[in-house]
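Subject: Structure for your review

Dear colleague,

Please find below the structure that I am handing over to you. My findings follow it, and I would ask you to read them with the structure open.

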Amino acid sequence: MSLFFDAEWFDARLGALGLSRDDLARAAGLDAAGADAVFTNARAASPAEVSGFAGLLGVDVVEVSLRCGVATRDAGATQDSASRIEKFEARLDEIDTLLAELEAARKRA
């Protein structure tokens, strides 16, 4: 079972593009029953199906994975955020050091 398939999002996206669920199924190599199983959370979309959905909809595979319920934002986001924060803090430390050096040089001049 997938976590949660956002059928409303897919239907809205399809509608905006003038496409149908049948078009989405074909793009993912699914028959009508297979597409229905994914849309109703009877089974999770496969990576190949997610890729097919993304290609047809013109949306990033990550977004489609989230909307299919086969991925969550929390999985890698926490690690990525922590890494980005550490890099940001290190850069701020470098800037603080440079500012202190500039201030000291200005006082000497």
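This is a predicted model: local features need pLDDT of at least 70, side-chain atom pairs count only at pLDDT 80 or more; totals for chains, interfaces and linings use all residues.

Is Leu102 buried or exposed? Leu102 counts as exposed because its relative accessibility is 57%, and the cut-off for that term is over 50%.

The interior comes next. In soluble globular proteins, nonpolar side chains tend to be buried together. The largest nonpolar core here has 20 residues, and those that touch the most other members are Phe5, Phe10, Phe53, Val64 and Cys68. Two or more residues of this core come from each of H1, helix H2 (21-28), helix H3 (32-39), H4 and H5.

Not counting residues up to four places away in sequence, Val64 touches Phe10, Val50, Phe53, Ala54 and Val59.

Why does Ser65 count as buried? Ser65 has a relative accessible area of 14%, and buried means under 20%, so Ser65 falls within that class. With the residues up to four places away in sequence again left out, Ser65 is in touch with Val50, Val70 and Ala71.

Both ends of H5 can also be described. At its start, a side-chain oxygen of Asp60 comes to within 2.9 Å of the backbone nitrogen of Val62. After the helix comes Gly69, with a positive phi near 80 degrees.

The buried residues in H3 are Gly34, Ala35, Ala37, Val38 and Phe39, and their cover includes H1, H2 and H4. The N-terminal end of H3 is capped by Asp31, which has a side-chain oxygen 3.3 Å from the backbone nitrogen of Ala33. Just after H3, the phi of Asn41 is positive, at about 65 degrees.

Yours sincerely,
A colleague

Key
Residues are numbered from 1 along each chain as its sequence is written. Side-chain values use heavy atoms; hydrogens and water are left out. A polar contact is a pair of N or O atoms within 3.5 Å; within protein, one must be able to donate a hydrogen and the other to accept it, and residues adjacent in sequence count only if both atoms are side-chain atoms. Helices (H or I, at least four residues) and strands (E, at least two) are DSSP runs, numbered from the N terminus. A nonpolar core is a set of buried Ala, Val, Leu, Ile, Met, Phe, Trp, Tyr and Cys residues joined through side-chain atoms within 4.5 Å. Buried means under 20% relative accessible area, exposed over 50%, partly exposed in between (1.4 Å probe, protein chains only). Contact means heavy atoms within 4.5 Å.
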